[in-house]
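Colleague: Please take a close look at one part of this model for me. I would like a connected account of a single sheet and what surrounds it.

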Amino acid sequence: MTDQLLRTSPQTPPDTHEYELLDLLKLINDELTVVLRAQGDDTLPAQKDKELDNIGSHICFELGGQLLAIPLSAVLEVGDLQILQALPLLPHWLSGITNIRGEIVSVVNLALFLDRINQSSVNRRPFLVVHDDTIKILVTVDRVVGTRTLYIPSLELSKRNAETLSQAEYFAGRAIYKEQDEEQEIDLFDLHAFLSSRKLREIVAASH
Amino acid sequence: MTAAEQISIVTEVIQEVESYLPDMSSYLHALASSNTDHEEETGKELHRMTHTIKGTAAMVQLEELSKTAALMEDVLDDILAGQQGWNKQVIQVMSNTVNDIGSYCIALHKDTPDGVELYHTARAAFEEIKDTFSVQPAVATELSQEEGDLLAFLDGNEDDEPDDAFLQHFSGEEESAVSEDDLAMLLGSSVSDPAEIKLEELLGIESDDPGEFDSDEETVELLPSAEVSIDQELQESFDEEAEEHLDNIGRQLNELASAISERTAVSEEFRERLHSIRRSVHTLKGAAAVIGIEPVAAWGHDFEDFLDSLHDESDTISPRSIAAMQDGADILEKIALNPNVDVSSEISTLQDIFPTITADAAVNGESIPEKAVPQTAKEQESPEPALAPDIPVESGKETSEEHALHDRAADSDEGESFTDSGPTREHIFSIRKEGSAKHFSPIRIAGSKNKRKQARTRTLRVGSEKIAELMGLSGDMAINLSSFENSSSSMQSGLNEFEITLQRLKGIVSRLETGDKQRSIPNLAAPAENSLSRYGTADEFDPLEMDHYSEFHILLNSLNEAVVDLESISSQAFGVHDSWRLAVDRQRRIVGDVQGAVQSIQMTPFSTLSNRLYKTVRESARVTEKQVRLLIEGGSMEMDTHIWNVLADALMHMLRNCVDHGIESADERLLIDKPEQATIQIKCSRQGSHFVLRLSDDGGGLNYDAIRNRALTLYPETDVEGMNNKELAALIFRQGFSIRPKVTSISGRGVGMDVVRNALDQLNGFIEVSSDTGQGTEFILSMPIAVAQLPALMVMFGKQQFAVPMRDISSVLRLSPQERQKETFTVNDESFPLLRPAELMALEGSPDLTGDRDDCRDSSLALAVETSGRRGLLVADAIIGQRNVVFKSLGSHLQNISCVAGATILGDGSLVPILQTEDLFNLAETAAQCNDTAGSEKYGDEKTVEILIVDDSISIRKVLGNFITAQGWQPTTAHDGVDAINKIKERKPDLVILDIEMPRMNGFEVLQTLQSQSAYRDLPVLMLTSRSAVKYREKAAGLGARGFVTKPFKDEELTSLISSLTTQKLAKGPQY
């Protein structure tokens, strides 16, 4: 799932077929590894429970009581939404448009998009401006927690891949961050899946 | 500037110059010892330093130093351009010069050094070098057999007066390209004043090769096939420079072309323009040579020669000369854009034409009477001094010395006096390739100081994205300022409140004091007991004689002091706030200015477009073999650059059409008594808030018969026969319409005028055409002043503000409440459908949605709109006013949003959607077909859930409404049971959230009423009450409530219940 996360980073081209294929193959390999280990296959290399993969800095935020993370490189701006202009005939999760330094950006209420309970106050709407190569969207969240360096246990990564893929469309697994020498768990928001979702693409057009 | 400041600057300049000298010496030393593998880089460094010395010295009036550096720079220019190589002599002279400059600088620190000697020494030395190298290539190209010997000879005699040796050798060569006369003159000049000879001209003139005697012949030709590989950074830099100079060349040529329709005497103004063109070509040539774009350098050289001759030697100028210059500029542009393009045939043609023009100009110039040559007052007062045959001569090109002079004249406020009192500069000659004939003619280089300054207007290239960013930032500043102003207003209100409270407090304190005093008089003993008795004075003094203080008094005094302190604080706060307010006011003005300035950056004059238009006409005329000239009026009209970009293609299409279709051939024109040369005229003007461009020609006009015949073929279904001329003229804007049977390279595809119409649509403008057969055609293009500025009417639909483009609105009508209820409205016997945007777009606060349609004001307003051939009336809830709004596309973020074309940002940063009127008609049609509110189901399962909140508490209604809105649902409210029933009857919601205890009709009664009517039995009702007892739950369930939640509610519980009730509306059984 690390690879899947990295797909949102600008350094990795998300559109090349070659990359997608490699990504899928790695995923299959990981899943097979999990299954074989569960069946007690001794030929596999020893588990590295304590080994952590650093997956870089992430912006952490709360949404409907859940702590989520988005790669820092995918976030252009963080703030409180001051101006929101609703537009007619839009789905309920698309709150409208706002003005970011003269640029008009569409506003998505992430809680409503994910069918969560929206806990942000009417007066204060923290937001993240997220983007990939083709699109830029402002998403409102319940609370922006801050920046954290996240890690994923090598083995856990594989396990979680299999679990989370079947569980939620917009979650890329779980990671941990260290706070006061304690490891805290956090869910990884799959920005790529979000930005390329059919639901969003129906409404929000590619920017370039 | 004070004398001390001036001295300080001069000292700094000297120090800077001195800092370069050691490096320059070491570079030269490295070159001398062949100790560098980076000859070119070293040369460039030397050039850079020399150039800097030249510029800085000129800046502080160190003329001789500047001129000396200019001499050295000239030679370095040649070396870098490959026109000259490094050798011992060059290096030695440069080393000497560097040393001399060092000595000069040292002397400068002490006293006034002899700068003249510095300059003369350097000049003599550098001219010696130039003499050597200038003549070599001329011979090299002609004396192939003797080339080796000559080179060997020169190499071996670098220090032994190469001029004499060379001339001795050269004098015996009859087949030389340089005639004996030329040589004699050259010799004579050289001997009389070698410093005045600018022999680099010979280099280019004598040989097609701007290059070098030691290069292969192939390298000097334009080689279309040869790939030119240039460093990317250098190329970009060159491209920018080239664009600027080509633009100037084009602009000057256009001015000349507009002003000159027949052979005319070269006025001061014309000569200035020729000079400007020559200067641009010269700079381009030099830049191209430096970075290695050989084709540009080579053609630039030839072209410059021609310009030299026109500028220096011609007293007259003809349209033919201008055409040749335009062709030359076109070639230059082509090879500047793509050095590998094959322009050999064009060059060959022009090289044949150039000599005939110059010869012609010389001949005709003699025949021009003196009085025909316009002279400026200054010229009349100070006639050109006659040139004696032995006057020292210099090149037609501006020498480095002149560059320095120019720089100085432009940069210095003292430039005028410098120009006037400077050395005589009117001695330039050129030796032309074809001509054995020699021309000695004066050149007028010096112009007025103002003109010079204009010519040196400094520009900075900035990417448009940076301007957009700046616009965004300035917008943000305005938003932040608005936010600050709001805070300031709140603070002002707070301070006012504070002041009022303070005054009240003062009043209370005052009353307390007064009351206490009054109270103390009849009962003097009491306070005395508490306070003064302790000191034993109570009995001795009456309270009127001496104040008797109790604890109360002390507290009262403290309170009084506190009030005084508060007054002081309040006063200070008011003062600070006033300062803030003034600062904010100032900032508001500054932000406004910044926004205005940034917007003005995007405004450019029409003349930025004119080069392309002239070229289009020229090219079309060439292809069609017609004689056409283009005149442009109002080229200084400024508009948003985006408008020009959109308009450029459209205008070029129109011009091509004019030339190809509208203008007759020269023969035909002569037959009908029209001037041989046709004229196309473009007039730009401003009419109110619109920019109007009139494009007219004196051609044959529209051929209505041909249009009709073509239309009969293309549109057999249309009544073409019945069309009048105006209707026929409108056909030319249809896609695919062309009367040309054949497609040519310039027209006939039928896309031109269609493109024009589309461009005008894009710019919110329109086009009209009028034409009388045989008399020409006029197109009138009209559009708002700036693209972005869209005239719009700000209208309220429901509670939401929209900007409706004025182009869609034909009039505004007033409707009575009864008329508002109707589906159609009749105006002048024509029936229009009534469209209710608030209802169609399901906007919040629509009286139509909330059922307030009946009790709305006495009358409503309606906008009569027409778009895409459909007409109707838009019912508006309020009209705010007309304003020019800035159109912002939603394109990059949202597309296919029905009814919204874009948005505009208001001054406070808020956004207003711009209505797409056409979509409203579609929406109305869909709604009529589906008998439902269209649009809200546009996204299928995303239909907005409408929830009616029934509660007598306004707070509950508000909190619940906000919560429901936050979840993406649509709340409406009712304040009691009766109100709820009415609302439900008017518009059935998806869910009702119902309180129990309410006036007029309680919740149970509402439930009973709903259950009694079959239409509402399936309406889910969720009870929300503070009554939690079971009996209430049971009663509600018995009356048909589907859910029961007690106050205060939990978000999750309520959300989950609402979700389940609205997604399973038909599910039976309560959700408890």
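Modeller: Start with Leu94(A), which sits in strand β4 of chain A, residues 94-100. This is a predicted model. Leu94(A) has a relative accessibility of 3%. The cut-off for buried is under 20%, so Leu94(A) counts as buried. Its C-alpha atom lies 8.4 Å from that of Leu112(A), and 18 residues separate the two along the chain.

Now the sheet itself. Strand β4 belongs to an open sheet of 5 strands in chain A, in the order β3-β6-β7-β5-β4. The pairing is mixed. β4 is one of the edge strands, and β3 (75-80) is the other. Each of these pairs on one side only. On average, neighbouring strands of the sheet are turned by 30 degrees against each other, with direction ignored.

β3(A) pairs with strand β6, residues 126-131 of chain A. The sense is antiparallel, over 5 bridges. Within that pairing, Gly79(A) faces Phe127(A) of β6(A).

How far can you trust this region? In chain A, β6(A) has the highest confidence, at 92. Helix α1 of chain A, residues 2-6, has the lowest, at a mean of 36. Over residues 1-18 of chain A, pLDDT stays under 50. The model still has 37 contacts beyond four places in sequence for that stretch. Where pLDDT is low, predicted coordinates should not be read in detail. Chain A as a whole averages 74, and 67% of its residues score at least 70.

Next, the packing. Val130(A) is one of the residues that touch the most other members in the largest nonpolar core, which has 64 residues. Phe189(A), Phe194(A) and Phe797(B) are named with it. Helix α31 of chain B, residues 917-930, gives the most to this core, with 5 residues. A second, separate core has 53 residues, among them Trp644(B), Leu655(B), Ala678(B) and Val720(B). In soluble globular proteins, nonpolar side chains tend to be buried together.

Step back to the whole chain. Chain A has 6 helices and 10 strands. Of its 208 residues, 50% count as buried. Take its contacts between residues at least 6 apart in sequence: 63% of them join residues at least 24 apart. The chain exposes about 9800 Å², with carbon and sulfur atoms supplying 49% of that.

For reference, here is some strand pairing in chain B. Strand β8 (residues 678-687) and strand β9 (residues 690-697) of chain B run antiparallel over 8 bridges. There, Ile682(B) stands opposite Leu695(B) in β9(B). β9(B) also joins strand β11 of chain B, residues 776-784, through 8 antiparallel bridges. His690(B) has Pro784(B) in β11(B) as its bridge partner.

Last, two backbone points in chain B. Cys899(B) is not a glycine, yet its phi is positive, near 75 degrees. Cys899(B) lies in the loop between β20 (888-889) and β21 (900-905) of chain B. At 0% relative accessibility, Cys899(B) counts as buried. Arg1000(B) also has a positive phi, about 65 degrees. Its loop runs between β25 (991-994) and α34 (1003-1012) of chain B. Arg1000(B) is exposed, with a relative accessible area of 58%.

Note on methods: Residues are numbered from 1 along each chain as its sequence is written. Chains are lettered from A and ligands numbered from 1 in the order in which they are written. This is a predicted model: local features need pLDDT of at least 70, side-chain atom pairs count only at pLDDT 80 or more; totals for chains, interfaces and linings use all residues. Side-chain values use heavy atoms; hydrogens and water are left out. A nonpolar core is a set of buried Ala, Val, Leu, Ile, Met, Phe, Trp, Tyr and Cys residues joined through side-chain atoms within 4.5 Å. Buried means under 20% relative accessible area, exposed over 50%, partly exposed in between (1.4 Å probe, protein chains only). Helices (H or I, at least four residues) and strands (E, at least two) are DSSP runs, numbered from the N terminus. Two strands pair if DSSP finds at least two bridges between them. Axes are lines fitted to C-alpha atoms, for helices over the stretch in contact, and angles run from 0 to 180 degrees between N-to-C directions. pLDDT is the predictor's confidence in each residue, from 0 to 100. Contact means heavy atoms within 4.5 Å. Accessible areas come from the Shrake-Rupley method with a 1.4 Å probe; for residues, only the protein chains shown count as cover.
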